[in-house]
Amino acid sequence: MIRKIVFTILFIATALLSNADNVKFTMSGPNVVSVGEQFRLSFTLNERGTDLQLPDMSNFEVLMGPSTSTSFSSQIINGKVTQSNSYSYTFILRAKKEGSFTIRPGSIKVDGKVYESNELDIQVVKAKASSGSQQSTQQQQSTSTASLDKDDLFVKVDLDKRNVFKGEQIIATVKIYVAPTVPITSFDDVKLPSYEGFWTQEIDIPSQISFSREVYDNKIYQVGILKKTILFPQQTGKIKIDPFEITCLVRQRVRQQRSFFDDFFDNYRTIPAKVVSDPVNISVKELPSPPASFYGAVGNFDFSASMDKTNLKANEAVTLSVKISGNGNLRLIEAPKLELPSDFEVYDPKTTDNLNASDNGLRGSKTFEYLFIPRFAGEYTIPAVQFAYFNPATGKYVYKKSSEFTINVAKGDDEQTATVTSAFSKEDVRYIGKDIRYIKQNQYKLKSKATTFYGSLAFYLSYLGSALLFLIVTLVYRKKLKENANLQLVRNKQANKVARKRLKTASVFLKQQKAEEFYEAILKAFWGYLSDKLNIPVADLNRENAVSSLQKRQVTIELTDELNSLIDSCEFARYAPSASGVTMDEVYNKSASLMGKLEKQIR
């Protein structure tokens with residue numbers, strides 16, 4: 001009995017302490033208002049409290065408050081019930097003058113302990129002037145068209161920097177600015193910038209645009225982020241970013257004084273408003289003369305190298321891993337070169353990316369795994385791996401290197417006593433000693449056989465089988481000759497094979513119904529295909545030079561138009577999938593058909 005009482009007391013005490021540690025007291029309100037504007041200032045607490053102490057709010061006029069409210073909620077997750085409470089204290093304030101003001105934290109008592117809220121910064125801007133004559137004119141408007149002032153609705157492409165080195169990352173943010181008096185219902189046609197001259201990496205943002213208040217040119221706007229992209233310039237000089245275009249559907253009130261009832265009821269309509277951003281220029285500087293150990297890395301990186309083992313037998317595989325981590329153009333870094341003994345059999349390195357694109361740029365790591373096989377016993381030294389990257393913050397190259405590696409290779413099980421003679425290259429190796437078979441001197445008991453294979457049933461069956469096999473091979477060979485003679489048929493088969501191979505990744509995302517990844521895979525497949533067929537690096541490839549090169553290679557205008565249409569559909573679907581007029585299946589089928597046609601026409 002005593003144990004139960006003690007346990008209960010400890011349980012209650014622990015719960016009380018836990019609740020006390022989880023008390024949250026926050027102050028919230030708008031970050032920007034205009035002079036004379038009323039706004040709400042709220043204090044929210046997750047436990048019942050007493051003795052609310054307000055901070056100094058002399059820079060604002062308190063019109064009403066506090067208005068208190070209480071809410072309770074409960075959830076059942078995996079059979080576990082969780083409950084939460086919320087106690088709110090709301091005040092109505094009005095801004096009295098322009099400036100930036102800080103409201104210090106408020107305080108409240110919970111179970112005798114005082115808790116403080118956060119502080120809040122509020123910017124007060126000049127109120128927008130209104131014209132009585134303009135309002136009267138708008139109320140009497142009865143036409144079916146309407147115009148918006150360019151300051152009420154516009155799009156901007158913001159860059160975190162405009163003077164960079166080649167390969168240095170830039171954060172490009174496309175924002176839409178909407179005056180509080182402009183009600184937008186949805187968006188329609190979108191034309192994204194092509195970002196020619198850049199390698200790009202998208203930053204994931206919510207599909208539902210969330211608006212927040214911001215001050216621009218001393219005016220208050222509702223601002224939403226439409227797109228975020230990391231840009232890596234691949235050429236020097238002045239690069240222009242084309243305008244971003246979007247059509248907004250705006251809900252507008254129209255009052256038509258035609259009858260008695262029209263004086264009491266308003267009519268509404270939705271009008272399209274096309275907004276276009278201004279082009280933006282970026283100045284790109286060439287990198288200083290690079291060292292031999294520079295493999296295209298621009299940013300700030302760490303470097304390490306390791307081997308999975310240093311003691312092994314001949315003909316066993318060993319892996320040397322080189323890891324580059326940090327912030328910068330990780331996707332564009334090439335594999336560092338290794339200096340390995342000529343007797344090693346070396347394979348192409350395997351590349352693994354672990355990257356995250358955010359407002360801080362492209363971060364993560366890139367790992368190169370080099371697999372090689374020592375063929376002969378001995379002690380080998382692998383020189384240190386050299387790596388250099390360019391740091392745009394300092395404008396200098398930073399040099400890194402690993403330690404050298406020593407591996408001990410023992411004689412392999414299958415090496416035996418072979419003598420090795422090397423001639424010309426490691427592939428042209430002649431083994432001497434394995435082609436001699438010594439006479440065995442053991443005594444064996446011999447048996448005599450009364451019959452021979454010649455003339456037996458097995459002999460005739462073998463003869464017939466060989467003849468039949470020869471006939472089948474002859475027929476297949478003749479069929480292949482006929483097919484190869486039909487050049488159009490060969491091209492069709494080859495084209496279909498190329499299309500299926502290039503679109504393999506997109507097919508996987510299609511089955512998984514991952515729309516964004518699917519359209520991105522379609523675009524990557526086409527740019528990669530055109531880069532290989534036209535001998536143009538992906539970084540230098542764009543629509544104009546791709547179409548020009550295709551036309552030089554006798555590709556019809558209908559196919560180039562179809563290619564442009566498909567790219568537009570994919571880019572539009574990636575940004576606004578709900579507004580796209582085609583399905584993923586249709587896009588995939590069109591892509592396979594188009595790539596097959598291009599394969600047949602490109603000379």
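I started at Glu119, which is partly exposed at a relative accessible area of 38% (buried is under 20%, exposed over 50%, partly exposed in between, with a 1.4 Å probe and protein chains only).

The model is predicted: local features need pLDDT of at least 70, side-chain atom pairs count only at pLDDT 80 or more, and totals for chains, interfaces and linings use all residues. Residues are numbered from 1 along each chain as its sequence is written, and side-chain values use heavy atoms, with hydrogens and water left out.

Next I looked up the partner of Glu119. Glu119 forms a salt bridge with Arg104, with 2.7 Å between the closest N and O atoms (a side-chain nitrogen of Lys or Arg within 4 Å of a carboxyl oxygen of Asp or Glu). Glu119 sits in the loop between strands S9 (113-116) and S10 (120-125), and Arg104 in the loop between S7 (99-103) and S8 (107-110), so the pair ties together parts 15 residues apart in sequence. Strands are DSSP runs of E, at least two residues, numbered from the N terminus.

I then searched the whole structure and found 17 salt bridges. One of them joins Glu61 and Arg94 at 3.2 Å, N to O. This pair links distant parts of the chain, Glu61 in strand S5 (residues 60-77) and Arg94 in strand S6 (residues 80-95), 33 residues apart. Glu61 is partly exposed at 34%, and Arg94 is partly exposed at 27%.

I also checked Glu316, which forms a salt bridge with Lys309 at 3.9 Å between the closest N and O atoms. Glu316 is partly exposed at 30% relative accessibility; Lys309 is partly exposed with a relative accessible area of 30%.

Technical notes: Helix = DSSP H or I, 4+ residues; strand = E, 2+ residues; numbered from the N terminus.
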